[in-house]
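The structure is shown below.

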Amino acid sequence: MTEGGTRAPAVAPARRNGTIFEADGVVKRFGGIRALDGANLSVGKGTITALIGPNGAGKTTFFNVVTGFYRSDGGRAAFGGRDVLGHPPYAIARLGMVRTFQITKALARMPVIDNMMLGAPDQPGERLLNVVFRPAAWRRREAEVREQAMELLEIFNLTPLADAYAGTLSGGQRKLLELARALMTRPRFLLLDEPMAGINPTLGRRLLDHMQRLRREEDVTFLFIEHDMEVVMNHADRVIVMAQGRVIADGEPHEVRRDQAVIDAYLGSGTVAAEEQ
Amino acid sequence: MLELLTNPPIALTFQSFTDIDFWTSVGILAGIYTIFTLGLQLNVGFTGIFNFGQAAFMAIGAYSMAILVTEAHMSFWLSLPISILIAIAFGLIVGLPSLRLRTDYFAIATIAAAEAIRLFALNARELTGGAQGTFGFGDDWDSVSETIEGWIADIGWTDVPTLFPLFLVVWAVALVLMLVMSRVQETPWGRVLRAIREDEDAARALGKNAFAYKLQSLAIAATLGAISGFFLALNLKFVVPEEFLPIVTFIGYACLILGGMASYWGVAVGAVILWSVLEGLRFLELPLSETRIAALRFLILGLVLIGLMAFRPQGIFGKREEMVLGD
């Protein structure tokens, strides 16, 4: 890793478990601005990968494009070998590639438990015909789902709030609810947009522990956008750095923090540079 | 001046308040609007899509039934499900392009579609009878009505108002529909709708095909609108375009707001109160011309709604927490 501003991104070494997600030259334009300007990255299966970069680097736009919320203007992205660009968000989520939002989307006028149960896949009662003709099937599934939801709420310390309207939760609690709700979908690949923002350190640690456990026990892969360098350096297996719509570095935390391109990109915000000292 | 004191300008004619024929008519209107507004409640209160074209579904229900019976000589009973299917098809035609739009654009698209239907009915004279309307479709219903009248007579009530059987059937149907809608709302399907109301993107991120659910919501509203149209037609005994002006949808919204959001039972209460006030005010005797009194009724209704918004924004059955919560 040496100086030199505009060289190709560091090629990540082959991963033990292979790749679960790969983006190749993803482009997104807003008018004349190329918010994503050919972003290439891959995420190893079973890793906890951090996506960092200065404001405006295109991190959230990247999430929006690869999860189907924005239409891409070029490139390709594949999850588990299947192309995802051009597919609607719900279809991508059903493949097991599930995202959360930077600004939480708590379903305010629904109780916390309903927020959770909504996330469950394979609920036959979500189809109108089954509601009428298979009442026993969906009621049985509903009972299972409620149990799973309560277990997850326990892990995130939200049990006492199960029946509260989600709109009454604090900002940090909403973050936890959103993550817990995403976990209800039984994802294989979770894209978390600043999951720690607004959470107190104790809960933040709990959340990180839970991510580690899910990765270990259920082989869930994480890609998370984070600004807190301490979290990134201590908890991520790999770090991908974006700037101006491109990936400028990709490697293990200790490699990335010494990368000259990264230090240059952060000049002004100074976060990584400060870490160096 | 002295005359005013001895003959107060405001008075109510009390015998009208006990007039059963009158209240039967009011009850039928309230029942029709209950069914009509159940569709709005599903769309607005539970799915978060602002359907301003409910009058079109009512019109399609009423006209399809009338035309199928009088022109195609179809059985009245068979015409009902077919008319519902036509209303659903229209709902899908309107919804497919417009439900992908933002809610405010969808509202505009639906009100435009509803007006298009009304103007079509006004001008397609061959098919609809134009401004004169269509009539002569009620024979099958009349025999049902007589049968019900016979049953009532058997219990011992002989001077039954002519419209009383219709009143009974409208409300029986309305109650069944309220019950069904309330039950369905409590299922996982209903939960997805509420999630879409709260935040469509969150629902999509969790694997829900929001667009398909919004279409289903609109199709069910179309069904309810068409059913209300059948009863409207049977009540009037004819179908004319002016019964489907946009104000019909707005009155539905007034019932919705009065009763409260996200409550199917509130819809019935809202419709009963609205029509009782609106029609009851007819008996207000003021030194004004008929047309002015007619206008005054809506003025008073407007004031009631403003007062409600100020002091009880959640309506009668709505939950206050649900009014104040939001992201």
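This is a predicted model: local features need pLDDT of at least 70, side-chain atom pairs count only at pLDDT 80 or more; totals for chains, interfaces and linings use all residues.

## The end of helix α13(B)

## Burial of α13(B)

Of the 14 residues of α13(B), 10 are buried, so the helix is largely enclosed by the rest of the structure. The buried residues are Val248(B), Thr249(B), Ile251(B), Gly252(B), Ala254(B), Cys255(B), Leu256(B), Ile257(B), Leu258(B) and Gly259(B).

Which elements cover these buried residues of α13(B)? The cover includes α3 (20–47), α4 (54–70), α6 (103–123), α14 (264–280) and α15 (290–311), each belonging to chain B.

## Contact between chains A and B

Chain A contributes 31 residues to the contact, and chain B contributes 24 residues. On the side of chain A that touches chain B, two or more residues come from each of α2 (89–95), β6 (97–99), α3 (112–118), α4 (128–133) and α5 (135–155) of chain A. The most are given by α2(A), with 4 residues. By class, this side of chain A comprises 16 nonpolar, 6 polar and 9 charged residues.

## Confidence

The average pLDDT of chain B is 90, and 94% of its residues score at least 70. For the model, ipTM is 0.88 and pTM is 0.89.

Notes
Residues are numbered from 1 along each chain as its sequence is written. Chains are lettered from A and ligands numbered from 1 in the order in which they are written. Two residues are in contact if their C-beta atoms, placed from the backbone, lie within 7 Å. Ala, Val, Leu, Ile, Met, Phe, Trp, Tyr, Cys and Pro count as nonpolar, Asp, Glu, Lys and Arg as charged, and the others, Gly among them, as polar. pLDDT is the predictor's confidence in each residue, from 0 to 100. A residue is buried if 20 or more other C-beta atoms lie within 10 Å of its own, exposed if 12 or fewer, and partly exposed in between; C-beta atoms are placed from the backbone.
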